[in-house]
Amino acid sequence: MTPTAETRTLLQIIEQMAAAAPDEGFTLSEIFDQLDESAFGATLFLLALPCCIPFLYIVPQIVAVPMMALAVQMFLGREEPWLPSGLASRRIDKAGLTAMATGGRKWFGWIEALIRPRLSFITGPRSEQVVGAFLVFFCCSILVPLPGTNTVPGFAVAIASFGLMQKDGLAVITGIILGVAWIGMLIFGAFTGLGFLAGVLTGS
């Protein structure tokens with residue numbers, strides 16, 4: 001049986017959108033319209049999928065821009081996502097949507113069996129603003145075109161946004177912890193490397 005609108009999971013929505021898309025696909029604005037009230041969580045998840053692919057460059061940095069725009073709006077408390085016309089008119093073709101649906105099923109199919117509404121206060125409007133602040137930092141990491149800066153924060157954004165749409169506060173917390181831990185490791189590694197380099201240069 002085809003799932004109803006009320007029972008569809010996020011992955012099923014993306015798969016059905018990809019199957020119904022024309023060859024030229026949809027613009028981000030059209031995708032927002034189809035996602036309706038789930039637009040923030042679902043669109044962040046959709047955009048985060050390319051970021052989860054290890055050693056993929058350029059594409060994660062491109063999608064991180066609208067991701068950050070959405071995260072900032074969450075932080076500011078907007079109820080519906082908005083993008084400048086230049087970003088909103090960017091089109092994801094059918095092949096791209098199909099690849100995202102396939103990748104989502106491959107990397108996150110397991111989460112459908114675990115996800116369920118719980119800790120709903122984490123997914124409320126006030127809490128979403130806090131979550132948005134964390135996601136901004138994760139998107140900053142994705143924007144850095146260096147090895148390892150996009151995959152883990154991409155997973156963090158994907159898990160947290162999946163939780164937002166499915167009202168699973170535990171998934172949101174898991175995504176935030178993953179992203180914070182990774183960025184903490186990057187900062188620690190950067191300072192350690194700078195300290196080592198300074199020691200070499202000064203001969204100490």
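**Stop one: a salt bridge to start**

Select Glu15 and Arg105: their side chains meet in a salt bridge, 2.8 Å from N to O. A salt bridge here is a side-chain nitrogen of Lys or Arg within 4 Å of a carboxyl oxygen of Asp or Glu. This is a predicted model, where local features need pLDDT of at least 70, side-chain atom pairs count only at pLDDT 80 or more, and totals for chains, interfaces and linings use all residues. Residues are numbered from 1 along each chain as its sequence is written, and side-chain values use heavy atoms, with hydrogens and water left out.

Now color by secondary structure. Glu15 sits in helix α1 (residues 10-20) and Arg105 in helix α6 (residues 94-108), so the pair links distant parts of the chain, 90 residues apart. Helices (H or I, at least four residues) and strands (E, at least two) are DSSP runs, numbered from the N terminus.

The scale: buried is under 20% relative accessible area, exposed over 50%, partly exposed in between (1.4 Å probe, protein chains only).

**Stop two: Arg91 and Glu30**

Select Arg91 and Glu30. Their side chains form a salt bridge at 4.0 Å, N to O. Arg91 lies in strand β2 (residues 91-92) and Glu30 in helix α2 (residues 28-35), so the pair ties together parts 61 residues apart in sequence. Arg91 is partly exposed at 45%. Glu30 is partly exposed at 33%.

**Stop three: Asp168 and Arg118**

How many salt bridges are there by this rule? The count comes to three. Go to Asp168 and Arg118, whose side chains meet at 2.8 Å, N to O, in a salt bridge. Asp168 is buried, at 0% relative accessibility. Arg118 is partly exposed, at 22%.

**Stop four: the core**

Select Ile31, Phe45, Met67, Leu97, Phe108 and Leu135: they have the most contacts inside the largest nonpolar core, which has 58 residues. Helix α8 (residues 151-166) gives the largest share of this core, nine residues. Such a core is a set of buried Ala, Val, Leu, Ile, Met, Phe, Trp, Tyr and Cys residues joined through side-chain atoms within 4.5 Å.

Finish on Leu97. Which residues does Leu97 touch, not counting those up to four places away in sequence? Select Ala18, Ala21, Gly25, Phe26, Ile31, Leu46 and Ile92. Contact means heavy atoms within 4.5 Å.
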